[in-house]
Structure formats: C-alpha cells, structure tokens
Amino acid sequence: MQLKELASQLLICKLVGDETTEITGIATDSRQVRRGDLFVCVLGFVSDGHDYASVAIGKGAAALVTERRLDLDIPQIIVRDSRHAMAVFSAHVYQYPSRNMKVIGITGTNGKTTTSYLVEHILRDQGYRTGLMGTISARVGSQIIPMERTTMEASALQDTFRRMADEGTDYCIMEVSSHALDLGRVKGIRFRSGVFTNLSQDHLDYHETMDKYEAAKGLLFSRLGNEFSPLPEYKQYAILNADDPASERLAQLTAAEVITYGVKQECAVKASHVKITAKGTEFEVESFAGTMPMRMNLVGLFNVYNALAAVSVCLAEGLTLAQVRDSLASMPGVDGRMEVVDEGQDFLVLVDYAHTPDGLSNALESIREFAAGRIRCVFGCGGDRDRTKRPLMGRVAAALSNDLYVTSDNPRTEEPEAILHDIVPGIEEAGLSREQYRLVTERREAIQKAIEEAGPDDVVLIAGKGHETYQDIGGVKHDFDDRLVARAALRSLKR
Ligand SMILES: CC(=O)N[C@H]1[C@@H](OP(=O)(O)OP(=O)(O)OC[C@H]2O[C@@H](n3ccc(=O)[nH]c3=O)[C@H](O)[C@@H]2O)O[C@H](CO)[C@@H](O)[C@@H]1O[C@H](C)C(=O)N[C@@H](C)C(=O)N[C@H](CCC(=O)O)C(=O)O
Ligand SMILES: Nc1ncnc2c1ncn2[C@@H]1O[C@H](COP(=O)(O)OP(=O)(O)OP(=O)(O)O)[C@@H](O)[C@H]1O
Ligand SMILES: N[C@H](CCC[C@H](N)C(=O)O)C(=O)O
Ligand SMILES: [Mg+2]
C-alpha cells in the first residue's frame, strides 16, 4: 500500500517525502520492525519513540509517522496524535479484519481471562472457529503466540486480527485492558459484544482515581451500538454484571442492547441455588431463553459470575441453554486459576492468579466455603504497580486466612523487602500481631514453608502468579512457576 493512501485516511496530517513509498506493515517498537514497515513514533511514559526512528530505519522501516518533523532522509506522515494515527493506519493496512468476524471484548478488573476461556470453549464446542487474545496467550488457529501484556498495541492487534480473518475465524474473544482502552489500542475494532465483569481497585498507579479507571472501561461500551441494524450479524450487545454498581453507569453510556447477569439483583440471566464445593459449582440459570440447571469444574462464586457472563454472550449468539450447559460441564479449567497441584498429599494446594484485593478476597471466600482445616495463604504484590493496593491485600489475606506467608511477586525494579513492608500495615490493621504471620522474601522458600507446615485437610493458596513462568527481579525474568515449585515441595515431603 502506498503511503499517500494511508495519509488520506486522516483529514489533518502532512506527508513529506516520496508519497508512493510502499508500506507492508506497521510497527511501533524499533525492536520489532520488519523491512517495509511504517514505524510509528510514539511519545511514551518512559521514552520517546522519535528517538528510535534511526534504529527503525536501520532495520528496514520504509517511512515514519511522527508528531514533529524529524531531520532524517525518509518519508514521514506528520500527525497530531501518533497513537490515534497508528490505530487508523493499522486498521487500513490490514483491511479492517475485525469486520470479518465477531469480536467479543471483555473488560473488568478481575475475571477477563477466565470469562474469555469460557466463551471460547463454548463457541468452539458448537463448531465455530475461534481466536483468543489475552493475558496468557493469543491463539490464531492452532498457533499459540505468547503475550507480553493483556492487550497488544493497535498495530500488532490488527495484524493478529488479519491472520485470524485469513484463517476463517468466526469469533475472536479478547480481553480488553483499561490501559488499552485509555491508550487507544483498540480504536477501530468492531466489537460484537462488550462484556463487563466487575470493577474494584487496581492499576491506580496508572489511572490515579477509581473514576478515571471506570471511565477507561466505559470506552468499550460508549462505542457500542451507535448504529442500529436490522441484520442480526450487525447487532451489538453490552453484557453487564447487574451486581456491580458500575454497570448502571455503563448502561447509560451505551447505545447497544443491554443484557444483565448476576446472582443478587434482578437481571436477564440470573443464577440461583448456587452450590460451591472443592470440585466445582452447581447453579440454576434463569434467563430470557429459559431455565436450566448447570454444573462446572470451576471453583468459587466468582466463577459463577464468569460463567453467567459467558452464558449471556452465547445466548446473544443464538445458542440454546442446553448447548451452553453441555459445554460448561466439559470446561477443564483455566491455567493458573484455582489450579490444583496434587501429589497425593492429604491437603489441598491451589495456584491462583488473584493479584488484587477483590480477587484475593474472592479466592479466599470461595476456599472458606469448603476448607475443613487451616487456610494458608502465600502471596505478594507486584513491584512498579499500584502501591495502594498492597495494605488492602494484606488486610484481606489476614482477615480470611489462618496463616500468612507474605512473599515476592515480581518486584521488578523495587526493593523486594520494601514491598513486603508496604503489605504489613494492612495485616496488622486486621488484628494480627507480628508473631502471627511470616515475611519470606524468597518465594520458593515461602511456598516450601507453607507446604511443610500444612496439616491434613488444610488448603494452601499460592496467589498472584497463576500461569506466569517467571519472577521479575530487577527487570530480569528468572524461571519461576508456582505449580512446579509447589510440586517439588510436595515431593520433598515424601523423602
Ligand atoms: C502504561 C503502558 O501500558 N505502557 C506501555 C507503553 O509504554 P509507553 O507508551 O510509555 O512507551 P515507552 O516505553 O515510553 O516507549 C515509547 C515508544 O518507544 C518505543 N520504543 C521503546 C524502546 C525501544 O527500544 N524502541 C522503541 O521503539 C516503544 O515501543 C513506544 O512506542 O508501550 C510500551 C511498548 O509497547 C509497553 O512496553 C508499555 O508497557 C508497560 C511496560 C506495561 O507494563 N504496561 C502494563 C501496565 C499494561 O499495559 N498492562 C495492561 C493491563 C494488564 C491488566 O489488565 O492487568 C495490559 O494490557 O497488559
Ligand atoms: N469474576 C471475578 N470476580 C472477582 N475475582 C475474580 C473473578 N474471576 C476471577 N477472579 C480472581 O481473579 C484472578 C484473576 O482472574 P482472571 O485471570 O480471569 O482475571 P483477569 O481480569 O484476566 O486478570 P488480568 O487483569 O491480570 O488479566 C483469579 O485467579 C481469581 O482469583
Ligand atoms: N496484569 C496484571 C498482572 C499482575 C500479576 C502479578 N503477578 C504482578 O506481577 O503484579 C498487571 O500487570 O498488573
Ligand atoms: Mg487477564
């Protein structure tokens, strides 16, 4: 595609240099530039992409998008907002691939990955071709692409959608992070449905206030349904958690048809008679499409919410409750989400990805429903992330467990001990004295201790890292997998 064709997608921009230059792709990270790419210079929070233009040219970039003219011998499109331009140009270069499939976007503080896996599992069971994008990985056909972050930059996103479209994908189910919404990574994507799981504290390092955090989430819904269509394939749905107060405000923002789900409030897809065990959940779904008892292997009330969100998405796609029920029953569980580590021991070891106060509270509350012995919680808080959530996680963990092993969870560039000390005030606020909890900086050691000290019928919850396979210390990722470490600790007990 010629540069001038791209430039014509914006009313206000200036093209300098050879306007017939051919562009074959788009990149915004100099380390990922391929020959023929248009390199988009973004002014970031840490560095300025304009400073990497020469590196990008060295790697074969054919032209640049800039916010100011650079003194370099290469064609440039000078724009007001290069993040916006990146979204517009990427959609155009990759020929609007989200129009070739139905994109289900899932946002919310907790439950996005789980809900996306549930939706994908149910739709795939019906014979649809599905693609997935989120925290754990992206899946295009049978190819699995590891993910650095939950939602990619616009250029990578559109490229991935293109590949999905070429594979004949019917549905792409994607997690949409608040950062992505705020930074315009998902501008230009046509969503079929937007799903809201819940809103609680996280990421205040980035959004600063809960209002701004909610406003970022709201962008998914304010863009939905603005055009009505008589064709079923162009209808759009906002699927909202009726039991979360933010949903009422999100409903105000959207022009799409709203489908509410929940357990407490009146809503369109409601679960009742909920039964939670260590093996799974049972509940009855009452909906506009009928009533049906369901069961699944996923543990905890919060997973009933995730299931209801998935049921709502699938009912909007015309599936019957019976089809959804059968697929839910065969859902195996999600990597690193309440994942059981079993070496034949007489207590339960669970690895979970709870890394927010609400996530941790939900995970522990669920365990309390079935734990016969003591609840031992191994957890920490990420470095270079929302510091205000640290004491809150401490308080929740102290209130809902019997024994605490406070440890490291990706300290990144922060001092690991300092993070642990930020958690302590919350623990003490919950009434625990210094003798009643342990600070164990080394995560391996914390897991080992919790497992060694566990008695029959106890539950050891190892929270925060879930599927992650590394521990980021000082910006260096060391191999670390809670499941493998727990397994090794369990085996060491037998010797
Ligand atoms: C706040 C945020 O999302 N920041 C992301 C963003 O950074 P930024 O725009 O400030 O960019 P920067 O690092 O200052 O660099 C400026 C520009 O120079 C470019 N650059 C930079 C270095 C280089 O060698 N070459 C180069 O071209 C960068 O690609 C960028 O375009 O763009 C960078 C490049 O793509 C990302 O690495 C960076 O992710 C940071 C590290 C991050 O941790 N983001 C997290 C918070 C995040 O996005 N999380 C969400 C939510 C997770 C959840 O739901 O829990 C997610 O979607 O994953
Ligand atoms: N609906 C929910 N409500 C509250 N907590 C939940 C919910 N679903 C999952 N959790 C908790 O949050 C953890 C993370 O779940 P999941 O990975 O599905 O969320 P996510 O929104 O994708 O997280 P991230 O923002 O890190 O990608 C789980 O391990 C569980 O402890
Ligand atoms: N998507 C979340 C993951 C946090 C996981 C936890 N292990 C940590 O590193 O803080 C984030 O980027 O805040
Ligand atoms: Mg996720």
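Predicted model: local features only at pLDDT ≥ 70, side-chain atom pairs only at ≥ 80, totals over all residues.
Me: How many residues does α8 have, and what span does it reach from its first C-alpha to its last?
Reply: A helix has an expected span, worked out at 1.5 Å a residue, to compare with the actual one. Here α8 covers residues 210–222, which is 13 residues, and it reaches 18 Å, close to the expected 18 Å.

Me: Which residues of α8 are buried?
Reply: Burial is judged by counting neighbours: a residue is buried if 20 or more other C-beta atoms lie within 10 Å of its own. In α8 the buried residues are Tyr-213, Ala-216, Lys-217, Gly-218, Leu-219, Leu-220 and Phe-221.

Me: What do the buried residues of α8 pack against?
Reply: Look for both strands and helices here. The partners are the strands β6 (102–107), β11 (193–196) and β12 (237–241), together with the helices α6 (178–182), α7 (204–207) and α9 (246–253).

Me: Let's zoom out. Which domains does the chain have?
Reply: The domain assignment gives domain 1 (3–93), domain 2 (97–330) and domain 3 (339–492). Taken over C-alpha atoms, the centres of domain 1 and domain 3 are 44 Å apart.

Me: Which domains contribute to the shell around ligand 1?
Reply: To read a ligand shell, ask which residues surround the ligand and where they come from. Domain 1 and domain 2 each give at least three residues to the shell around ligand 1. Of its 19 residues, Gly-44, Phe-45, Gly-49, Arg-149 and Ser-177 come nearest. By type, there are 6 nonpolar, 9 polar and 4 charged residues.

Me: And which helix supplies the largest share of the shell around ligand 2?
Reply: That is α12, with 4 residues. Helices α4 (112–125), α10 (301–316) and α12 (357–370) each supply at least two. Domain 2 and domain 3 each provide at least three residues of this shell. Among its 23 residues, Gly-111, Lys-112, Thr-113, Ala-354 and Gly-359 come nearest to ligand 2.

Me: How do the residues around ligand 3 divide by type?
Reply: There are no nonpolar residues, 5 polar and 4 charged. The residues around ligand 3 include His-355, Arg-385, Asp-409, Lys-465 and Glu-468. The shell around ligand 2, by contrast, has 5 nonpolar residues, along with 13 polar and 5 charged.

Notes: Residues numbered from 1 in each chain as written. Chains lettered and ligands numbered in written order. Near = placed C-beta within 6 Å. Nonpolar A, V, L, I, M, F, W, Y, C, P; charged D, E, K, R; others polar. Expected span 1.5 Å × (residues − 1). Buried ≥ 20, exposed ≤ 12 C-beta atoms within 10 Å, placed from the backbone. Contact = placed C-beta atoms within 7 Å. Domains from an automatic or database assignment.
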